[in-house]
Amino acid sequence: MEKPVITTPLPGGTLKQPRLPRWAPAGLAVLSAAVGVGIGLAADLASRVQWGLIAALFYIVATHVLATVVEGKRQAKDRLVTSLVWVSFLVAVIPLASLIWETIVRGVKVLDVYFLTHSMNGVITLQPGGGIYHAIIGTVEQVGLATLIAAPIGLLTAIYLVEYGTGRLAKAVTFFVDVMTGIPSIVAGLFILSFWIIVLDFGYSGFAGAMALAILMMPIVVRSTEEMLKLVPNELREASLALGVPKWRTILKVVLPTAIGGITTGVMLAVARIAGESAPILLLVFGSQAINGNPFEGAQSSLPYYIYEQWANGNEASYDRAWAAALVLIAFVMILNLVARGIARWKAPKTGR
Amino acid sequence: MAKRIDVSGLTAYYGSHKAIEDISMSIEPRSVTAFIGPSGCGKSTFLRTLNRMHEVTPGGRVEGKVMLDNEDLYASGVDPVSVRRTIGMVFQRPNPFPTMSIYDNVAAGLRLNGSYKKSELDDVVEKSLKGANLWNEVKDRLNRPGSGLSGGQQQRLCIARAIAVEPKVLLMDEPCSALDPISTLAIEDLIGELKEQFTIVIVTHNMQQAARVSDRTAFFNLAAIGQPGKLVEIDDTERIFSNPSVQATEDYISGRFG
């Protein structure tokens with residue numbers, strides 16, 4: 001047996017090593033920002049994004065070099081990865097924050113109670129005024145119907161896959177769910193258009209849109225529910241079966257309640273995903289300026305469609321309405337998410353004494 | 001109410017892998033039978049065949065006969081659900097239902113099988129928790145979640161849950177292996193009390209435990225690696241630990257092997 005060779009003996013035989021002071025990363029960040037701005041100004045770079053990238057690059061390199069000199073190789077690697085993580089985090093967060101900021105600043109301009117409670121019926125697009133009441137009704141009804149269709153089917157499919165499915169059929173179902181995940185929304189829309197509206201000769205309606213949305217939603221529900229059910233420990237199923245509880249009751253009373261928090265979150269994420277779809281709405285619901293409360297007959301509007309439509313009008317008043325509608329859509333999805341999280345926390349397995 | 005079990009020629013498989021082969025034994029009512037043997041020799045598998053939990057594992061199947069008094073558990077037309085109601089089970093790791101309170105955990109077996117009046121359930125819960133020596137510790141917090149109890153309390157909660165449905169036989173798969181000595185002692189005392197009413201079968205890796213709690217002991221072993229597990233011998237515990245008839249048993253118990 002070869003003896004392990006210690007490649008880097010501890011200097012001076014002590015456990016203590018030189019460390020960068022704790023304020024070093026923050027100090028370097030400030031310095032990097034200054035360097036970024038300095039180089040940007042000096043070289044007269046027009047794009048602020050370039051300034052940021054220069055600062056980020058400088059920060060990573062400077063941290064690594066400084067740490068190598070002061071602390072040694074291993075710590076330098078640690079610092080390098082840490083700074084990479086921080087920079088990536090910032091790169092990811094900045095666009096998100098600026099998107100929300102932009103939407104809020106531009107959206108609040110015309111957002112008021114009038115805007116939320118009136119439709120665009122009879123409003124001249126060039127003039128301010130009008131509202132999104134008809135679009136909110138459309139979105140709520142279409143998304144609600146889609147959820148009513150997709151959530152039970154998706155849930156039951158996931159239960160089949162996790163609790164019962166073995167062999168070929170389960171594999172085939174899993175495969176098709178994967179394929180469905182990749183269906184572009186416009187294709188789902190075209191499918192319902194060719195089947196429901198052209199072949200079966202039904203008219204445009206919110207329900208037709210809801211069916212296309214359900215197609216998009218189903219695989220997401222199946223996937224997330226499947227993962228949640230797999231997380232339920234097998235011991236709980238066995239404990240229940242060993243009490244002489246039939247399998248279906250075990251699933252209904254033990255497995256599902258244990259996973260309900262995660263399942264709810266999954267369904268809500270799927271809802272958030274389809275709430276922003278405009279392509280199927282364009283094809284199947286047609287869009288409307290007036291309030292239509294009946295999702296089964298006649299054209300409706302929806303928030304994403306409304307945004308598209310107002311933007312396409314191409315004038316100042318319409319732009320303002322589009323931004324306000326975008327803000328409402330983001331708020332709608334965010335509220336749904338918060339509600340889902342609330343439900344998940346309320347229903348989650350309790351651990352307190 | 002306790003029943004005897006007679007097993008004859010029992011062989012169990014996981015898919016094509018034969019886990020245990022040709023096991024025959026009798027388990028006496030109102031007594032504690034302990035299964036000992038090295039890991040992987042099929043003790044737990046055999047235990048799980050006794051209440052048809054083995055077939056819950058994908059690919060699990062069984063050949064042979066398990067007679068509960070005079071009924072074959074594996075006869076066609078026997079519902080595994082009713083078998084499991086008659087023969088309860090306690091697992092190695094405490095597994096209370098995390099979404100349920102202490103009360104609901106104990107009442108789960110009854111509630112999930114039918115509807116009962118609140119007063120009936122109250123009685124059963126109290127009786128079962130008393131039976132599991134847990135009542136005094138939890139009577140003031142029956143509505144708190146069961147997962148908030150300590151490991152030993154959780155395991156006694158699981159025992160209470162198992163005896164609440166009034167089985168005839170109670171199978172215990174290493175019920176103390178995840179517990180500290182004090183909780184272990186509590187459960188061993190409990191086993192001593194429970195054998196007045198139930199037929200108890202316990203799998204254990206702890207020789208002293210087998211010697212302390214059981215009336216009869218069965219020793220399982222593998223003929224060789226990759227071979228199915230077999231029953232070496234079953235006898236009165238005193239005899240197994242003092243003067244076993246097979247050399248391998250003595251070697252195992254005295255620590256010369258396995």
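**Exercise 1. The contact of chain A and chain B**

Find how many residues each chain gives to the contact, and which elements of chain A take part.

*Solution.* Step 1: count the residues. Chain A brings 22 residues and chain B brings 26 residues. Two residues are in contact if their C-beta atoms, placed from the backbone, lie within 7 Å.

Step 1: name the elements. On the side of chain A that touches chain B, α9 (234–242) and α10 (247–275) of chain A give two or more residues. Helices (H or I, at least four residues) and strands (E, at least two) are DSSP runs, numbered from the N terminus.

Step 2: look for the largest share. It comes from α9(A), with seven residues.

Step 3: sort by class. This side of chain A has ten nonpolar, six polar and six charged residues. Ala, Val, Leu, Ile, Met, Phe, Trp, Tyr, Cys and Pro count as nonpolar; Asp, Glu, Lys and Arg count as charged; the others, Gly among them, count as polar.

A note before going on. This is a predicted model, in which local features need pLDDT of at least 70 and side-chain atom pairs count only at pLDDT 80 or more, while totals for chains, interfaces and linings use all residues. Residues are numbered from 1 along each chain as its sequence is written, and chains are lettered from A and ligands numbered from 1 in the order in which they are written.

**Exercise 2. Describing chain A**

Work out the helices, the dimensions and the domains of chain A.

*Solution.* Step 1: take the secondary structure. Chain A has 13 helices and zero strands.

Step 1: take the dimensions. Along the principal axes, the C-alpha atoms of chain A fill a box of roughly 85 × 70 × 40 Å. The radius of gyration of chain A is 28 Å, whereas a compact globule of 353 residues would have one near 20 Å. This radius is taken over C-alpha atoms; the globule rule is 2.2 Å times the number of residues to the power 0.38.

Step 2: Domain 1 of chain A is 19–105 and domain 2 is 133–347. Such bounds come from an automatic or database domain assignment. The centres of these two domains, taken over C-alpha atoms, are 40 Å apart.

Step 3: check burial. In chain A, 35% of the 353 residues count as buried. A residue is buried if 20 or more other C-beta atoms lie within 10 Å of its own, exposed if 12 or fewer, and partly exposed in between; C-beta atoms are placed from the backbone.

**Exercise 3. Inside helix α12 of chain A**

Which residues of α12 (residues 303–313) of chain A are buried, and what covers them?

*Solution.* Step 1: list the buried residues. They are L303(A), P304(A), Y305(A), Y306(A), I307(A), E309(A) and Q310(A).

Step 1: find the cover. It includes α5 (133–164), α11 (279–284) and α13 (316–347) of chain A.

Step 2: look past the helix. G314(A) follows α12(A) and has a positive phi, near 70°.

**Exercise 4. Describing chain B**

*Solution.* Step 1: count the elements. Chain B has ten helices and ten strands.

Step 1: The C-alpha trace covers about 55 × 45 × 30 Å along its principal axes.

Step 2: Chain B has domain 1 (1–88 + 189–258) and domain 2 (92–166). Their C-alpha centres lie 27 Å apart.

**Exercise 5. Strand β9 of chain B**

Step 1: Two strands pair if DSSP finds at least two bridges between them. One bridge links T33(B) with R216(B).

Step 2: inspect the turn. β9(B) and β10(B) form a hairpin with six residues between them. In that turn, G226(B) has a positive phi of about 90°.
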